[in-house]
Amino acid sequence: MPVADLLSRHPDLWRGATRHPFLGAVRDGTIPVAAFDTWLVQDARFVADLLRFQARLLARAPRPAQAVLAGGLVALVDELAWFEEQAAVRGLDLAVPALPATTAYAELLERLDAADVGTALTALWTIERTYLDAWSHARPGAPEYRPFVEHWTLPGFAGYVAGLETAADGVPAPDADGVFTEVVAAETAFWDMAVAA
């Protein structure tokens, strides 16, 4: 089963993660700055966790998946530098403690380290496809958030997600539905954290 079929197999979960009220509030400008900044700092923490997960996945991935994973790692390193720049401009402390949703996501990534490669690849594709579709839904974004929306919807990112899809399709997961729903639930909880901030 192609991983893209998972979106239509779980439409309500997918809608909840990619059409979340947080994203609508970014689009229309009603998200409080403090809530957005809380989410931004926690997302920087998540990206650092994702970098570690993806580096370990690259080491055990089949040869056809290695190039897209390596490219993604370089992009994550650049993304962390970008977060540092944004934090400096916005006066944010990236060293604040992880909130429960961030901690839970880190624990999920740790569990995925022990999963088979197909499951880990499906999870990574799900993470990045959710992010791409979610931020595409927030376009163009209110003026104060538009640079963020544009940053996370660049054509290169869409190409990367397509490459991950090919990699995940090449190594089927034994329980693709299970890992998909777990990751999408973690994504939704991460948006929820921002709205509750």
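Predicted model: local features only at pLDDT ≥ 70, side-chain atom pairs only at ≥ 80, totals over all residues.
Q: Where does helix α5 run, and what span should its 28 residues have?

A: Helix α5 covers residues 63–90. Just after α5, glycine 91 takes a positive phi of about 70°.

Q: Which residues of α5 are buried, and what covers them?

A: The general idea is that an α-helix has 3.6 residues a turn, so residues three or four places apart point the same way. In α5 the buried residues include Ala65, Val68, Leu69, Gly72, Leu73, Leu76, Leu80 and Phe83, and Glu79 is also among them. What covers the buried residues of α5 includes α4 (33–60), α7 (117–137), α8 (146–151) and α9 (155–170).

Q: Glutamate 79 is a buried residue; what is the nearest side chain of opposite charge, and how far away is it?

A: The general idea is that side chains of opposite charge can pair when their charged atoms come close. Glutamate 79 has no salt bridge, and the nearest side chain of opposite charge, that of arginine 90, is 13 Å away.

Q: Which side chain, then, makes a polar contact with glutamate 79?

A: The side chain of histidine 151 does so, with a polar contact of 2.7 Å joining it to the side chain of glutamate 79. When neighbours within four places in sequence are left aside, glutamate 79 is in contact with Val47, His151 and Trp152.

Q: How many salt bridges does the structure hold, and what is the partner of arginine 9?

A: The structure holds seven salt bridges. In one of them arginine 9 pairs with aspartate 177, the closest N and O atoms being 2.9 Å apart. Because arginine 9 lies in helix α1 (residues 5–9) and aspartate 177 in helix α10, this pair ties together parts that are 168 residues apart in sequence. Arginine 9 counts as partly exposed, since its relative accessibility is 47%.

Q: Which residue does aspartate 113 meet in a salt bridge?

A: Aspartate 113 meets arginine 56, with a distance of 2.7 Å from N to O. Aspartate 113 lies in helix α6 (residues 100–113) and arginine 56 in helix α4, so the pair ties together parts that are 57 residues apart in sequence. Aspartate 113 is partly exposed, with a relative accessible area of 23%, and arginine 56 is partly exposed as well, with a value of 41%.

Q: Which residue does glutamate 182 meet in a salt bridge?

A: Glutamate 182 meets arginine 111, and their side chains are 2.4 Å apart, N to O. Glutamate 182 lies in helix α10 and arginine 111 in helix α6, so this pair ties together parts that are 71 residues apart in sequence. Glutamate 182 counts as partly exposed at 36% relative accessibility, and arginine 111 is partly exposed with a relative accessible area of 46%.

Q: Is threonine 122 buried or exposed?

A: A residue counts as buried when its relative accessible area is under 20%. Threonine 122, which lies in helix α7, has a relative accessible area of 1% and is therefore buried. Not counting residues up to four places away in sequence, threonine 122 touches Val3, Leu6, Ala168, Ala173, Ala176 and Val179.

Q: Is proline 174 buried or exposed?

A: A residue counts as exposed when its relative accessible area is over 50%. Proline 174, in the loop between α9 and α10 (176–196), is exposed because its relative accessible area is 70%.

Q: Which residue does the UniProt annotation "active site" cover?

A: In the unreviewed UniProt entry, that annotation covers Glu187. Glutamate 187 is found in helix α10 and counts as buried, with 5% relative accessibility. Leaving aside neighbours within four places in sequence, glutamate 187 is in contact with Ala17, Tyr105, Ile127 and Thr130.

How values were computed
Residues numbered from 1 in each chain as written. Heavy atoms only, no water. Helix = DSSP H or I, 4+ residues; strand = E, 2+ residues; numbered from the N terminus. Buried < 20%, exposed > 50% of the residue type's maximum accessible area, 1.4 Å probe, protein only. Lys, Arg positive; Asp, Glu negative; His and termini not counted. Salt bridge = Lys/Arg side-chain N within 4 Å of Asp/Glu carboxyl O. Polar contact = N/O pair within 3.5 Å; in protein donor to acceptor, adjacent residues only side chain to side chain. Contact = heavy atoms within 4.5 Å. UniProt positions renumbered as here; feature names shortened; annotations may be inferred.
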